[in-house]
Amino acid sequence: TCPETGPYACKSGETEPLYTFQWALNYLQSYFQGKADEAAFGGGIDLNVEPVHRQGIKGQGVNVLVVDSGVDLAHEDLRENTDIGMSWNFETDSADPHPGLTSNGRSSAHGTNVAGIIGAAQNGKGVMGIAPRVRIGGAAIVTGNMDILTISNFTAIYGGAPWSRDVHVINGSYGGDGWVQPYNLTQAAEIAGIRGLKNLRDGKGVVFVKAAGNAFDDGNCGPLAGAYDCTNPANDPTTLEPNVIVTAALNAKGQASSYSSAGSVMWITGLAGEAGQLGRYGEVSGR
């Protein structure tokens, strides 16, 4: 029995025009089946989420904060689910997490993309998120402006501000895996905030999913070059915290994405894809 109501009740992504390209949600019925390079897509892996969608379970009642370069809350595939009351822009010191172009030319495209993967609405347009009925907020802090990476700002992100107190899940697209980071006062404060996440949601805790990084480097790893990463997500002290779910990336072949950092702190691997220049559809791992 499916309790969901409305025009898209108890349906999955077949209602969305671009769903065919979302191989991570339905590989067998995706655009890539039957193509000349199908052999390159030998993984055949997806998230097997459609059975849950058909039960009407689509993220209702869950609040997700995307900590990234910003989120376009007005995007037509997001606006049904976005919540400006659960958002902040540390670049502009305002509630709108869309930073536009910063001094280094970075825009909110990445954060908007991440928000869409998580919670693009089921509305007959574009794509559909994994959980198309979640509430999405954005925190714009990954902007290239190092001045906003302060103790107080990270404290605010981790439930220390009115706009972040009702968050259930945090998705963090930031980290430092390329070099060993000293355990300084700023990181001590950030780690204190991360440890405090377990006290939120009336003691149930906040789920914190954090990117491993996109800095895989096999250039100086000795005789096993290509198999081991010369960078290490554990260089970022926050990844050593037991309640941080450090996430790597997998491509459509079922192999590690060429850019995805690797190391012992990994918890899970997400279905992410490849860099576009690697193969006709970005399917070639390169390792």
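1. How do β1 and β3 pair, and over how many bridges? The two strands run in the parallel sense and share six bridges. Strands count as paired if DSSP finds at least two bridges between them. Valine 64 has isoleucine 136 in β3 as its bridge partner.

2. A note on the basis. This is a predicted model, in which local features need pLDDT of at least 70 and side-chain atom pairs pLDDT 80 or more, while totals for chains, interfaces and linings use all residues. Residues are numbered from 1 along each chain as its sequence is written, and side-chain values use heavy atoms, leaving out hydrogens and water.

3. The sheet is open, with seven strands in the order β2-β3-β1-β4-β5-β6-β7 and parallel pairing. β2 (88-89) and β7 (266-271) are the edge strands; each has a single partner strand, so one side of each lacks a neighbour in the sheet. Strands (E, at least two residues) and helices (H or I, at least four) are DSSP runs, numbered from the N terminus.

4. Helix α2 (residues 109-119) packs on this sheet and touches β1 (63-68), β3 (135-140) and β4 (169-172). Contact means heavy atoms within 4.5 Å. The direction of α2 makes about 155° with that of β1; axes are lines fitted to C-alpha atoms, for helices over the stretch in contact, and angles between N-to-C directions run from 0 to 180 degrees.

5. Five of the six residues of β3 are buried, so the strand is largely enclosed by the rest of the structure. Buried means under 20% relative accessible area, with a 1.4 Å probe and protein chains only. β3 also runs parallel to β2, joined by two bridges. Asparagine 89 has alanine 140 in β3 as its bridge partner.

6. β5 (residues 207-211) and β6 (residues 244-250) pair in the parallel sense over four bridges. Lysine 210 stands opposite valine 246 in β6.

How values were computed:
Buried means under 20% relative accessible area, exposed over 50%, partly exposed in between (1.4 Å probe, protein chains only).
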